Amino acid sequence: MNEPVLQIKDLQIDFSTYAGTVNAVRGVSYDVFKGETLAIVGESGSGKSVTNQAIMKLLPQPPAIYSGGEILFDGKNLLKQSEKQMEKIRGNDISMIFQDPMTSLNPTMKVGRQITEVMLKHQKISRSDAKKRALELMQMVGIPMPEKRLNQYPHEFSGGMRQRVVIAIALAADPKLLIADEPTTALDVTIQAQILDVMKDIQKNSQTSIIFITHDLGVVANVADRVAVMYAGEIVEIGTVDDIFYNPQHPYTWGLLGSMPDLNEEKGQKLRTIEGSPPDLTDPPKGDAFAPRNPHAMKIDYEQNPPMFKVNDHHFAKTWRLHPDAPETEIPDIIKNRYMQYSGGVKE
Amino acid sequence: MLTYSPVTFEKGALQMIKYIGQRLIYIIIALFIIITATFFLMRLAPGNPFASERAVPPAIQESLNEKYGLDNPWYVQYGEYLLNTVQGDFGTSMKYRYRETNEMIAEGFPISMTLGLEAMFIAVGMGVLIGTIAALFHNKWPDYAMSIVAVIGISVPSFVMASVLQYYLALQVGWFPIAGWNGFIYSILPAVALASTPMAFIAKLTRSSMLEETNSEYVKMAKAKGISKWVVTFKHALRNALLPVVTYLAPLTAGIITGSFVIEEIFAIPGMGKYFVTSITNRDYTVIMGTTVFYSIILLLAVLIVDILYSFIDPRIKLRGGKSSGK
């Protein structure tokens, strides 16, 4: 792979609340390379949105505290940038697509102005040129009749169309990095597919790097090049899509993949879940945070937090089972079967 | 190229005319109810315009009643009254001889209106400004300072505020005249006294709705676009935050009008408030009816204007006449 656009190193974020300090992000590190899509998956509260809002420094301080690590973008540590310097980066070099298009547009401002606003802020561009560019962008994200739509308000748009507007805004200044925070969660499935197609097209044409936050593994398989799995404020496994889907190493990833429903399953089969609930991060556990929910947990899982073990050049997992001294544990059948199924093997 | 087609515009204008027409009909109905209620309540109150401490000979009483039509049965009086009101004639005062009610209104209203508009301007302008600043500095000292000002404004009645202002700013420091009505400088203290409570209320309202807006997704999105804090506040959040304030403008008008009765009295301002209050204690039937109807019209129009204003501020609200629906 080529050089990274963004490097996050040992990022730690705390929130001070009345109940105590919550260690929401506990030493997260990852790189995003040029032109790739990195998907970040994990259940609610695993810290995936917090990590990525930190890149834009959009977390309100207080309660958020950036207590350690660095976020390197363009050779600069974003955590050290002033608010004024961040304003030049936001929307320009890094932009963001929010989860709910119903609330992320200003209800009392015309859509055209919401798009041109970004360009007028970051580029030396005349009002009429900005308008022309807005029309192009709207065409590009698939909004029909852009001339008419430009002068309408968000309430005159459907959810899918609004999300297209949000994408147009995010792309207006040709960012190097696009953070999509569950961009399809609030949309119904057919619209979801359309929005994903729009995003894939854009990436093909512009070589923008995308961080795609989601908890929908189907979406991950569809869009991502690499996947990072987050649990309790840590990345527990990171690798290419094939690594994660066909050779997962962390028991949490097994659990996630295992709870995905399968079309080939017998009728009447109950949906699988991961037993238990995530740990309370005001007092994070000493060992592996997943241990209490892990049916394969060993004694050491409760005592020491595992380091990242290397599986291959692009695949890492944070579990003691990869330690040379650990006893063999088998990858669960359901995941092995799936591999067989999709790689052309025969299901028993 | 980038404009609405003329068809849509005409349709919108037509909708608006239809809407206003319908509202005017409602206003007339409301006025009829107000007139009727006032008429009967007034007659139910004991006493009459000609009662005085000295015993009036029955003959004089009778001839007075006859002169003003008070000897007729109530339905005749009511009918006559409605007829005159429709023609805009509220009759002569029963207390002050040779004074037309219309004349009294024409004399007093411009003064009351000047005072009222000035107070509204202060209340809305300062209230929004204070509320916005408080929200921007949420939980920091400017927020607490504004909070104290707002609590004082809301809890101190306007007549107390008036006396305090008179004592310190007029009597002690001498910056303003104590009372009277003789140019702009005379209007400042009464306008401030009148505005203090609604201003505090608007400040509170703006603060809370501004806080809500600054925590909304679209403000976060605007920040993610690289827009600075101040531009986000004034270009994005404020317009949305003002919607509840606009709703409050109609009751505010009512508050300013009723508040001005007291303030006019304290500052010896020859406005309409005096006539309104004294006409009631005097049982001056014609003046009571005249001023009540007049104030009702002003209020009902204020409500209508606020509703129209609302549709301009919030594009999601469409004014529609009749039951026609859809775009």
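Buried means under 20% relative accessible area, exposed over 50%, and partly exposed in between, using a 1.4 Å probe and protein chains only. Helices (H or I, at least four residues) and strands (E, at least two) are DSSP runs, numbered from the N terminus.

This is a predicted model, in which local features need pLDDT of at least 70, side-chain atom pairs count only at pLDDT 80 or more, and totals for chains, interfaces and linings use all residues. Residues are numbered from 1 along each chain as its sequence is written, chains are lettered from A and ligands numbered from 1 in the order in which they are written, and side-chain values use heavy atoms, leaving out hydrogens and water.

**Strand 7 of chain A**

Start with strand 7 of chain A, residues 177-181. Five of its five residues are buried, so the strand counts as mostly covered by the cut-off for buried. In a regular strand the side chains alternate between the two faces of the sheet. In strand 7 of chain A, both faces are covered. L177(A), I179(A) and D181(A) are buried on one side. L178(A) and A180(A) are buried on the other.

Which strands pair with strand 7 of chain A? Two strands pair if DSSP finds at least two bridges between them. Strand 6 of chain A (residues 94-97) runs parallel to strand 7, with four bridges. Strand 8 of chain A (residues 209-214) also runs parallel to strand 7, joined by five bridges. A180(A) has I97(A) opposite, and A180(A) also stands opposite F212(A) in strand 8. From strand 7, the chain crosses through helix 7 (residues 189-206) of chain A to strand 8 in a right-handed β-α-β crossover. Right-handed means that, with the strands pointing away from the viewer, the path from the first strand over the helix to the second runs clockwise.

**Other strand pairs of chain A**

| Strand pair in chain A | Bridges | Opposite residues |
|---|---|---|
| Strand 1 (residues 4-17) and strand 4 (residues 64-73) | eight | F15(A) and A64(A) |
| Strand 4 and strand 5 (residues 76-77) | two | L72(A) and N77(A) |

Strands 4 and 5 of chain A form a hairpin with two residues between the strands. In this hairpin, D74(A) takes a positive phi near 60 degrees.

**Helix 1 of chain A**

Helix 1 of chain A spans residues 48-55 and is mostly covered, with seven of its eight residues buried. Among them are K48(A), V50(A) and I55(A). Just after this helix, K57(A) takes a positive phi of about 50 degrees.

**Where chains A and B meet**

Contact means heavy atoms within 4.5 Å. The contact takes 32 residues from chain A and 25 residues from chain B. The two chains bury about 2,600 Å² between them, 60% of it on carbon and sulfur atoms. Buried area is the accessible area (1.4 Å probe) that two parts lose on being put together, summed over both.

There are two salt bridges between the chains. A salt bridge is a side-chain nitrogen of Lys or Arg within 4 Å of a carboxyl oxygen of Asp or Glu. One of them joins E117(A) and K235(B), whose closest N and O atoms are 3.4 Å apart. On chain B, helix 8 (217-224) and helix 9 (229-241) each supply at least two residues of the side that touches chain A. Helix 8 gives the most, with six residues.

Is E117(A) buried or exposed? E117(A) counts as buried because its relative accessibility is 5%. E117(A) lies in helix 3 (residues 111-122) of chain A.
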